[in-house]
Amino acid sequence: MPDPNGFLRYNRRLPARRPVPVRISDWREVYPPAGEELVREQATRCMDCGIPFCHDGCPLGNRIPDWNDLVRTGSWDAAVDSLHATNNFPEFTGRLCPAPCEAACVLGIGGGAPVTIKQVEVEIADAAVARGGLDPHPAAAPTGRSVAVVGSGPAGLAAAQQLARAGHAVTVYERDDAIGGLLRYGIPDFKLEKQHIDRRIAQLAAEGVRFRTGVNVGVDVTAEQLREAHDAVLLACGALQGRDTPETPGRELRGVHQAMTHLVAANRVVAAAGGGRPALAVLPDGTPIDAAGKHVVIIGGGDTAADCLGVAHRQGAAGVHQLDLYPEPPHSRDAGRDPWPTWPWILRNYPAHEEGGDRVFAAAVQEFVDDGTGQVKSVRIAEVTVEKRDGRRIVTPLPGSERELPADLVLLAIGFEGTERQPLLEQFGVARNARGAIDARPDWQTDADGVFVAGDMHRGASLIVWAIAEGRAAAAAIHAYLGGVGELPAPVDPARQPLAAR
Ligand SMILES: Cc1cc2nc3c(=O)[nH]c(=O)nc-3n(C[C@H](O)[C@H](O)[C@H](O)COP(=O)(O)OP(=O)(O)OC[C@H]3O[C@@H](n4cnc5c(N)ncnc54)[C@H](O)[C@@H]3O)c2cc1C
Ligand code: SF4
């Protein structure tokens with residue numbers, strides 16, 4: 001029986017982050033472990049509401065009140081089992097999820113302080129490792145059916161694990177040199193150290209999943225070859241088509257890059273320094289993958305922009321500006337616009353923002369300015385207003401508001417336009433929709449029979465928690481398609497959307 005008064009006795013508390021001067025001198029994760037006493041205290045704040053809205057906030061349907069109570073009583077092994085029953089990789093979500101569950105926590109009504117659900121989750125996930133709880137769970141018997149999973153991000157890996165545990169022979173094809181999708185080289189180590197991915201790969205391999213890296217499906221292996229070799233195919237190729245701004249004067253200058261070009265290269269340098277594969281020191285245009293001593297301008301306000309900011313600090317940038325097209329959001333929930341338990345539009349401060357840099361809101365670049373040698377030296381920006389007209393975004397500069405910011409390195413983190421245009425799509429006979437995503441029927445099949453889709457490739461650029469949820473659900477559909485015995489859990493259907501008021 002949970003403690004109904006826990007939230008009255010304890011305030012919401014999170015462990016202190018590592019001090020800024022210390023953490024920007026290395027690439028280790030920002031948060032130290034919370035310690036058992038703090039985690040149990042915070043889990044005690046959960047009152048196990050009659051209707052736990054956090055379940056609906058979490059796309060995985062994590063049994064949050066159950067494991068909060070198990071942590072409260074120190075029943076760690078049971079908490080690990082409860083969490084793994086709905087989430088294949090809680091060490092990823094516990095570190096990286098923006099926690100829509102917390103926005104839906106009953107304790108947050110009227111501006112209150114929700115339970116630290118995400119923190120409890122990561123502590124359970126880490127307890128699983130510490131207690132040897134990542135043992136493989138191989139299937140009792142093989143089904144004789146085989147599945148190809150294309151793409152090794154969280155969607156592909158979650159599906160692969162579910163299918164292998166159900167007895168299917170699963171091969172994951174990944175064009176990159178390492179498994180993990182965006183978790184591997186997209187998300188920096190200070191948010192997710194890579195041993196967490198390696199541990200899961202070892203677990204999946206011990207469960208029978210085969211991994212083939214360096215295989216670009218559609219180029220190195222054709223869709224036809226894949227379909228001949230397997231009974232079903234899951235496409236989980238992500239939404240990696242970066243949005244650009246070709247119309248802005250000066251876009252062609254040296255030093256102006258897509259954020260992911262710089263970020264992935266920088267993360268590869270970190271991986272190489274830690275004993276990984278050798279990495280390039282310069283980009284193909286000769287630009288060093290280093291912000292040291294440079295004035296950096298990051299354009300965009302999301303996860304990618306914040307990750308670029310943290311990387312720039314660690315590389316020793318002279319100064320960083322982060323530009324956002326939109327005005328500064330409110331600092332707390334505007335209940336008229338986003339009533340509880342929906343995900344509110346508020347100012348999100350990532351740990352990288354504590355580390356320095358200037359945020360400039362309601363501003364847009366008018367020109368990337370040449371230093372006379374073809375290298376960017378500054379950006380000319382203007383204050384802007386943004387409105388939607390006929391579904392289109394209209395950005396209007398305010399006359400007389402222009403100014404220049406110094407810029408030796410400009411990173412475009414202005415979003416993604418869906419899954420990449422690549423040969424695989426045509427070969428499988430699937431087409432990008434208006435959002436650049438691949439549609440799924442209610443049973444997760446694409447327009448091509450026996451070819452399924454999940455994760456960002458289906459949803460558009462989203463979150464790890466959605467990728468895992470879709471990977472699990474697509475695995476359940478594939479299991480049914482292959483005539484597997486019983487049902488696998490399917491936390492979401494393809495039409496499921498986040499909680500919203502409209
Ligand atoms: C910089 C950045 C930071 C982020 N931070 C967060 C965060 O903090 N929290 C959060 O919840 N979400 C975050 N996200 C979003 C999150 O990473 C994605 O939603 C998630 O990784 C999507 O998983 P996925 O499996 O669908 O695809 P991905 O992780 O994109 O993986 C797709 C994989 O498919 C492979 N692939 C593509 N085509 C082929 C082919 N033809 N053959 C073989 N392989 C192929 C790719 O190489 C890639 O490895 C971030 C995203 C970015 C870009
Ligand atoms: S996965 Fe995300 S939404 Fe679900 S319980 Fe964990 S932090 Fe909350």
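User: Which residues of helix α6 are buried?

Analyst: In α6 (residues 76-84), the buried residues are Trp76, Ala79, Val80, Ser82 and Leu83. Buried means under 20% relative accessible area, exposed over 50%, and partly exposed in between, with a 1.4 Å probe and protein chains only. Helices are DSSP runs of H or I with at least four residues, strands are runs of E with at least two, and both are numbered from the N terminus.

User: What puts these residues on the same side of α6?

Analyst: They cover an arc of only 165° around the axis, so they sit on the same side of α6. The arc is that of the directions from the helix axis to the C-beta atoms.

User: What do the buried residues of α6 pack against?

Analyst: They pack against α3 (36-43), α5 (64-72), α7 (90-96) and α9 (117-130). Contact means heavy atoms within 4.5 Å.

User: Before we go on, what kind of model is this, and how is it numbered?

Analyst: This is a predicted model, in which local features need pLDDT of at least 70, side-chain atom pairs count only at pLDDT 80 or more, and totals for chains, interfaces and linings use all residues. Residues are numbered from 1 along each chain as its sequence is written, chains are lettered from A and ligands numbered from 1 in the order in which they are written, and side-chain values use heavy atoms, with hydrogens and water left out.

User: Which residues are closest to ligand 1?

Analyst: Leu96, Glu174, Lys191, Gln422 and Asp456 are the closest of the 37 residues that surround ligand 1. A residue is near a molecule or strand if one of its heavy atoms lies within 4 Å of it.

User: What makes a pair of atoms a polar contact, and which atoms of ligand 1 are involved?

Analyst: A polar contact is a pair of N or O atoms within 3.5 Å; within protein, one must be able to donate a hydrogen and the other to accept it, and residues adjacent in sequence count only if both atoms are side-chain atoms. A backbone N or O atom of Leu96 lies 2.8 Å from a nitrogen atom of ligand 1. For Asn216, a polar side-chain atom lies 3.0 Å from a nitrogen atom of ligand 1. For Asp456, a backbone N or O atom lies 2.8 Å from an oxygen atom of ligand 1.

User: How much of the accessible area of ligand 1 does the protein cover?

Analyst: On its own, ligand 1 has 1000 Å² of accessible area, and the protein covers 97% of that. Accessible areas come from the Shrake-Rupley method with a 1.4 Å probe; for residues, only the protein chains shown count as cover.

User: How does the shell around ligand 1 divide by class?

Analyst: It has 20 nonpolar, 11 polar and six charged residues. Ala, Val, Leu, Ile, Met, Phe, Trp, Tyr, Cys and Pro count as nonpolar, Asp, Glu, Lys and Arg as charged, and the others, Gly among them, as polar. The largest share of this shell, three residues, comes from α15.

User: Which element gives the most to the shell around ligand 2?

Analyst: That is α9, with three residues. The residues around ligand 2 include Thr93, Ala99, Lys118 and Glu121. By class, this shell has eight nonpolar, two polar and two charged residues.

User: Why is Thr93 called buried?

Analyst: Its relative accessible area is 2%. The limit is under 20%, so Thr93 is buried. Thr93 lies in helix α7, and its side chain makes a polar contact of 3.0 Å with the side chain of Glu121.

User: Why is Val376 called buried?

Analyst: Val376 has 1% relative accessibility, so it counts as buried. Val376 is in strand β10 (residues 376-389).

Analyst: Ala99 has a positive phi of about 65° although it is not a glycine. Most residues other than glycine have a negative phi, and most peptide bonds are trans. Ala99 lies in the loop between α7 and α8. At 6% relative accessibility, Ala99 counts as buried.

User: Which residues does a cis peptide bond join?

Analyst: The cis peptide bond joins Trp340 and Pro341, with omega about 10°. Pro341 is in the loop between β7 (319-323) and α16 (351-354).
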